[in-house]
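Subject: Structure for your review

Dear colleague,

Please find below the structure that I am handing over to you.

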Amino acid sequence: MPPARTSTPLATHISAFAEILTARQGQRLNDWITAVEADDQPDLRSFTAGLRRVDMPLVQSLTPRGQ
């Protein structure tokens with residue numbers, strides 16, 4: 001049996017971001033960015049900074065109409 005895989009904080013954040021994208025839950029994006037920044041993820045720092053710059057258009061594109 002292979003050893004159990006443990007999830008790192010980085011992997012957890014990436015999985016959560018993938019869920020936001022695939023489920024089109026743009027309303028969760030700001031909370032995700034805040035969580036990543038609070039967790040001090042250097043590998044995601046420039047990515048989240050870029051997301052903050054394009055926040056509203058991105059959130060609108062990820063949120064189904066009527067929500």
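This is a predicted model: local features need pLDDT of at least 70, side-chain atom pairs count only at pLDDT 80 or more; totals for chains, interfaces and linings use all residues.

Residues are numbered from 1 along each chain as its sequence is written, and side-chain values use heavy atoms, with hydrogens and water left out.

Overall composition

The secondary structure of the protein chain amounts to 4 helices and 0 strands; these elements are DSSP runs numbered from the N terminus (helices are H or I with at least four residues, strands are E with at least two). Read from the N terminus, their order is α-α-α-α. Of the 67 residues, 25% count as buried, where buried means under 20% relative accessible area, exposed means over 50%, and partly exposed lies in between (1.4 Å probe, protein chains only). Contact here means heavy atoms within 4.5 Å. Among contacts between residues at least 6 apart in sequence, 49% join residues at least 24 apart.

The pairing of H1 and H2

Helix H1 (residues 9-22) and helix H2 (residues 29-38) have axes that come within 11 Å and cross at roughly 170°. The axes are lines fitted to C-alpha atoms, for helices over the stretch in contact, and the angles run from 0 to 180 degrees between N-to-C directions. The crossing angle therefore makes H1 roughly antiparallel to H2 (angles over 145 degrees count as roughly antiparallel, under 35 as roughly parallel, 65 to 115 as roughly perpendicular and the rest as oblique). On the H1 side, His-13, Ala-16, Phe-17 and Ile-20 meet Leu-29, Trp-32, Ala-35 and Val-36 of H2. The residues of this contact divide into 7 nonpolar, 1 polar and no charged. In this scheme Ala, Val, Leu, Ile, Met, Phe, Trp, Tyr, Cys and Pro are nonpolar, Asp, Glu, Lys and Arg are charged, and the others, Gly among them, are polar.

Two residues of that contact

His-13, in helix H1, counts as buried because its relative accessibility is 11%. Leaving aside neighbours within four places in sequence, His-13 is in contact with Trp-32, Ala-35, Val-36, Asp-39, Gln-41 and Leu-44.

Val-36 belongs to helix H2 and, at 1% relative accessibility, counts as buried. With the neighbours within four places in sequence again set aside, Val-36 is in contact with His-13, Gln-41, Leu-44 and Thr-48. Val-36 and Ile-14 are 22 residues apart in sequence, and their C-alpha atoms are 9.5 Å apart in space.

Helix H3

In helix H3 (residues 45-53), the residues Thr-48, Gly-50 and Leu-51 are buried. They lie on the same side of H3 because they cover an arc of only 155° around the axis, the arc being that of the directions from the helix axis to the C-beta atoms. Ser-46 and Arg-53, on the other side of H3, are exposed.

Backbone points in the loops

Arg-24, in the loop between H1 and H2, has a phi near 50°, a positive value in a residue other than glycine. Arg-24 counts as partly exposed, at 39% relative accessibility. Asp-40, in the loop between H2 and H3, likewise is not a glycine and has a positive phi of about 50°.

Yours sincerely
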